[in-house]
Amino acid sequence: MNPSHSNGSRASGGHHDLGGALLGAIDRHEHPRTLYEMRVDAMLMRLTHPSCGAFRVDALRRAIENYSRLEYEGLPYYDRWIKAVRQLLVEQGILTDSQIDERIEQIRAARDQQRG
Amino acid sequence: MFAKGTHVRVQDRLIPGHCRTPQYLKGKIGEVIEDTGRWRNPELLAYHKPGLPMARLFRVRFKQADIWGAGYANRIDTLDADLYEHWLERAERPAAQGA
């Protein structure tokens, strides 16, 4: 799109609402999928599947849209997801923040031990 | 309800919270090309609500030149967007718009 075609209405839609914004050329380079990205993707698919129904993808979008501009623009795509997944699990009373922190600590300790 | 072929304007308003209507279409006029049926309202689903009452979703076709202005080079380019009924109002065909 030619920049002269922007309708200049970016400001009021929120920083996620980028249609028509003048952001320059899109980087179309592919990068290899990482294990982390696939895990985050799998986790979200599982949690939002009707058989689990922890929350809906609409809630994920809302959580991500509520990040500050700095966070929104600073976080890679799947980091936005996993941050929202954590928030929504707590919102829904499925896990508490301290449960999640504890488990992260356990996994980190086990990994560090393995590495010696 | 909007019949196929009806011209509609996307309401130009802001709502607090989750909104599935993109800013760049607000205030723009397009033509209803399909009624996709009724769906749970994502503006409510986003807050863990059941999303009821269901909201009717229309596929609306816009001319790119109507969105981006007369400077848009290709007059035949169009854009289709799925928009919920509560964001649309009946409109006249835009004067500048050709056949």
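Among contacts in chain B between residues at least 6 apart in sequence, 57% join residues at least 24 apart; two residues are in contact if their C-beta atoms, placed from the backbone, lie within 7 Å. This is a predicted model, where local features need pLDDT of at least 70, side-chain atom pairs count only at pLDDT 80 or more, and totals for chains, interfaces and linings use all residues. Residues are numbered from 1 along each chain as its sequence is written, while chains are lettered from A and ligands numbered from 1 in the order in which they are written.

Trainee: Happy to start simply: in what order do the elements of chain B run from the N terminus on?

Mentor: Chain B has two helices and five strands. Helices (H or I, at least four residues) and strands (E, at least two) are DSSP runs, numbered from the N terminus. Read that way, the elements run β-β-α-β-α-β-β.

Trainee: Which are the edge strands of the sheet in chain B?

Mentor: The five strands form an open sheet with antiparallel pairing, in the order β4-β3-β2-β1-β5 of chain B. Two strands pair if DSSP finds at least two bridges between them. An edge strand pairs on one side only, and here those strands are β4 (78–84) and β5 (88–90) of chain B.

Trainee: Nice. Which residue in β3(B) does B:Glu31 stand opposite?

Mentor: Strand β2 (residues 29–39) and strand β3 (residues 55–63) of chain B pair in the antiparallel sense, with six bridges. In β3(B), the residue opposite B:Glu31 is B:Arg61.

Trainee: Is B:Glu43 buried or exposed?

Mentor: Good one to look at: B:Glu43 is found in helix α1 of chain B. A residue is buried if 20 or more other C-beta atoms lie within 10 Å of its own, exposed if 12 or fewer, and partly exposed in between, with C-beta atoms placed from the backbone. Because B:Glu43 has 21 C-beta neighbours inside 10 Å, it counts as buried.

Trainee: Last one: how many residues does the contact take from chain A?

Mentor: Chain B gives 17 residues to the contact. On that side of chain B, α1 and α2 (64–68) each supply at least two residues. From chain A, the contact takes 18 residues.
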